[in-house]
Amino acid sequence: MSKQPAAKSTKTTQLAGITDRKTLRANARKSIEDGAVTPTYSANRPAVIKLLNDALATEWVCVLRYYRHYYMAKGMLADSVKAEFLEHAQQEQAHAGMLAERIVQLGGEPDLNPDTLTARARAEYKEGGNLRDMVRENLVAERIAIDSYREMINFIGDKDTTTKRILEHILAQEEDHADDFADMLEGWIGE
Ligand SMILES: [Fe+2]
Ligand SMILES: [Fe+2]
C-alpha cells in the first residue's frame, strides 16, 4: 500500500512582530476616519505635524526670499545667478507641497497663514544689499535648513518612515542648494 501524502497544514507559523491576519483585519476596521494613520503609527503625531508645519513655514519664507532675489539681481553675474535663484524658488515650493501633503495625510492642517510665516520659519527673510550678499544669505538659509531637516530626521527615526523619507529627499536637495552657493562664492570676483 502506498503512503498517503500528509495533509497540508492550514496553520501558519507566527513570527515575532507580525500580527495574525484576523487581528490585522480587525485593526484596520477601527477608526477608519483616520485614513492612512493606523493604530501601529508609533511616532508622536502632534509633534511630527508641528515640525512639518515649521518646515512648511521655512520653505515658504525661502520661496519668497528666492523670488525677491531673482527679481532684484543685477550686475555682471546676474544672469547665471538669477537662473539659480529661480530654480531654487521652484524647488523650495515643491518641498512646501510635499510637506503640506504629508501634514494632511497625518490628519493635520497645513498652516499657511502669511501673518505668522516669518515668526514660525527657521530661516530668515534677508533681502541682501548686492548680488554677493544675496548669495551669502541664501547659503546661510540653506545651512539652517540642512541642520533643521537633519534634526527632524533624527527625532522621527524609524517611527514614521514615510515622513522620514520625504525629509531625507528634501535634505539632499538643500545640501545641493548650499553646495551651489558655496561654489559660487569661492570663485567670486568683485562685489
Ligand atoms: Fe527646501
Ligand atoms: Fe534649499
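Let's start at Ser31, which is exposed, with 11 other C-beta atoms within 10 Å. Ser31 sits in the loop between α1 and α2. Its phi is positive, about 35°, although Ser31 is not a glycine. As background, most residues other than glycine have a negative phi.

A word on what we are looking at. This is a predicted model, in which local features need pLDDT of at least 70 and side-chain atom pairs count only at pLDDT 80 or more, while totals for chains, interfaces and linings use all residues. Residues are numbered from 1 along each chain as its sequence is written, and chains are lettered from A and ligands numbered from 1 in the order in which they are written.

How confident was the predictor? The pLDDT, its confidence in each residue on a scale from 0 to 100, averages 92 over the chain, and 93% of the residues score at least 70. Where pLDDT is low, the predicted coordinates should not be read in detail.

Now the overall fold. The chain has six helices and zero strands; these are DSSP runs numbered from the N terminus, with helices being H or I of at least four residues and strands being E of at least two. The radius of gyration is 24 Å, well over the 16 Å that the globule rule gives for 191 residues, so the chain is more spread out than a compact globule. That radius is taken over C-alpha atoms, and the rule is 2.2 Å times the number of residues to the power 0.38. Along its principal axes, the C-alpha trace spans about 95 × 45 × 20 Å. Buried residues make up 26% of the 191 residues.

On to contacts, where two residues count if their C-beta atoms, placed from the backbone, lie within 7 Å. Of the contacts with a separation of 6 or more, 72% are between residues 24 or more positions apart.

What sits in the middle? The largest nonpolar core has 33 residues, and Leu52, Leu56 and Leu99 touch the most other members. A nonpolar core here is a set of buried Ala, Val, Leu, Ile, Met, Phe, Trp, Tyr and Cys residues joined through C-beta atoms within 7 Å. At least two residues of this core come from each of α2 (45-72), α3 (78-105), α5 (131-156) and α6 (161-186). The largest share, eleven residues, is from α2.

Leu99 shows how this packs: beyond its neighbours within four places in sequence, Leu99 is in contact with Leu52, Ala55, Leu56 and Glu59. Take Ala55, in helix α2, which is buried, with 26 other C-beta atoms within 10 Å. Ala55 and Leu99 are 44 residues apart in sequence and 7.6 Å apart in space, C-alpha to C-alpha. Leaving out residues up to four places away, Ala55 also touches Ser148 and Met152.

For the 28 residues of α3, 1.5 Å a residue gives 40 Å, and the end C-alpha atoms are 40 Å apart, which agrees. The expected span is 1.5 Å times one less than the number of residues. Its buried residues include Phe85, His88, His95 and Leu99, and what covers the buried residues of α3 includes α2, α5 and α6. After α3 comes Gly107, with a positive phi near 90°.

Which residues does UniProt list under "binding site"? Its unreviewed entry gives Glu59, His95, Glu142, Glu174 and His177; such annotations may be inferred rather than shown by experiment, and the positions use our numbering, with feature names shortened. Although spread over 119 residues of sequence, they cluster in space, with a largest C-alpha distance of 13.1 Å.

Two of them lie in helix α6: Glu174 and His177. Are they buried or exposed? Glu174 is buried, with 25 other C-beta atoms within 10 Å, and His177 is buried too, with 23 C-beta neighbours inside 10 Å. Setting aside neighbours within four places in sequence, Glu174 is in contact with Glu142, Ala145, Ile146 and Tyr149, and His177 touches His88 and Glu142.

Key: A residue is buried if 20 or more other C-beta atoms lie within 10 Å of its own, exposed if 12 or fewer, and partly exposed in between; C-beta atoms are placed from the backbone. pLDDT is the predictor's confidence in each residue, from 0 to 100.
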